[in-house]
Amino acid sequence: MPAVVPETKSLNVLSQAVRHCTGCDLYRWATQAVFGEGRKDARVVAVGEQPGDVEDRQGKPFVGPAGKLLSRAFEDAGMDRGEVYVTNAVKHFKFEERGKRRIHKKPDRAEILACRPWLEAEMRAVEPELIIAMGVTATEALLLKKVAITPLRGKFNEHPWGTLFVTIHPSAILRAQPEDRDREYRRFVQELKTAAGWLRHRSAE
Ligand code: URA
């Protein structure tokens, strides 16, 4: 059954409703839906892919290893994570069991589309000025088309829900070769600084 999203701008109501979502099959295996988190008056929404193993257990977005890296990067970029509404394109964890481990699996297009009404409802509620798409899944969910990150990375694009800024997913830094990790992290922070600069500039206008 398609996602049943209440017509409301209340993040509270939405986050309760998403718990009952059966819009795709992922709810069958995940512990719980993980909704976005942050202030309703946030100027920025950061969008990731889907909750990971830790997020699935805790019910909060970006609280595992990628989330810790993201918090550090926000701080290094001079942004306050508390001022950013953080969410995911897909609200349920998709994984494959390997022994005791649950290995992340990329959501497919049907799952991304099934979940998009939740993302849209969050955007309607928050009305961000800036949307930071982190990685390919978030960018595809927002642009509704297949994309390659490289040509879009570090750039601003107009989007009906707010100005869109594309960067990589913090997990890509964790997955990078150890010798590349530092450089990738610095570039990510630099991109977040670009986004922060855009916001500063806009407030000064
Ligand atoms: N990766 C994501 O895309 N989102 C999370 O919440 C955690 C890891």
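In the helix pair α4 and α5, Ile112, Arg116, Leu119 and Met123 of α4 meet Thr137, Ala141 and Leu142 of α5, a contact being heavy atoms within 4.5 Å. The residues of this contact divide into five nonpolar, one polar and one charged. In this classification Ala, Val, Leu, Ile, Met, Phe, Trp, Tyr, Cys and Pro are nonpolar, Asp, Glu, Lys and Arg are charged, and the others, Gly among them, are polar. The axes of α4 and α5 come within 10 Å and cross at roughly 75 degrees. That makes α4 roughly perpendicular to α5, a term for angles of 65 to 115 degrees. Axes are lines fitted to C-alpha atoms, for helices over the stretch in contact, and angles run from 0 to 180 degrees between N-to-C directions. Helices (H or I, at least four residues) and strands (E, at least two) are DSSP runs numbered from the N terminus.

The structure is a predicted model, in which local features need pLDDT of at least 70, side-chain atom pairs count only at pLDDT 80 or more, and totals for chains, interfaces and linings use all residues. Residues are numbered from 1 along each chain as its sequence is written, and side-chain values use heavy atoms, with hydrogens and water left out.

Five strands form an open sheet of mixed pairing, in the order β2-β1-β5-β7-β6; two strands pair if DSSP finds at least two bridges between them. The edge strands, each pairing on one side only, are β2 (84-88) and β6 (156-157). Strand β1 (residues 44-48) pairs with β2 in the parallel sense over five bridges, and alanine 46 has valine 86 in β2 as its bridge partner. Helix α4 (residues 109-126) packs on this sheet, where it touches β1, β2 and β5 (130-134), and its direction makes about 170 degrees with that of β2.

On a 1 Å grid over the protein atoms alone, a cavity is a set of points where a 1.4 Å probe fits but cannot get out, and a pocket is an open set with protein on both sides within 12 Å along at least five of seven lines; lining residues have an atom within 4 Å of a point. Grid points are joined across faces, edges and corners, and a volume is the space filled by probe spheres set on the points.

| Space | Volume | Lining by class |
|---|---|---|
| Largest pocket | about 770 Å³ | 13 nonpolar, nine polar, seven charged |
| Second largest pocket | about 290 Å³ | seven nonpolar, seven polar, three charged |
| Largest cavity | about 80 Å³ | eight nonpolar, two polar, one charged |

Of the 29 residues lining the largest pocket, Ala66, His104, His169, Ser171 and Arg175 are the closest to its centre. The elements α2 (53-58), α3 (65-76), β4 (101-104), α5 (136-143) and α7 (170-175) each supply at least two residues of that lining.

The second largest pocket is lined by 17 residues, of which Ser15, Arg19, Phe35, Gly36 and Gly59 are the closest to its centre. Helix α1 (residues 11-17) gives the most to this lining, with four residues.

The structure holds one cavity of 30 Å³ or more. Residues lining the largest cavity include Ala114, Cys115 and Trp118.

Note on methods. Angles under 35 degrees count as roughly parallel, over 145 as roughly antiparallel, 65 to 115 as roughly perpendicular and the rest as oblique.
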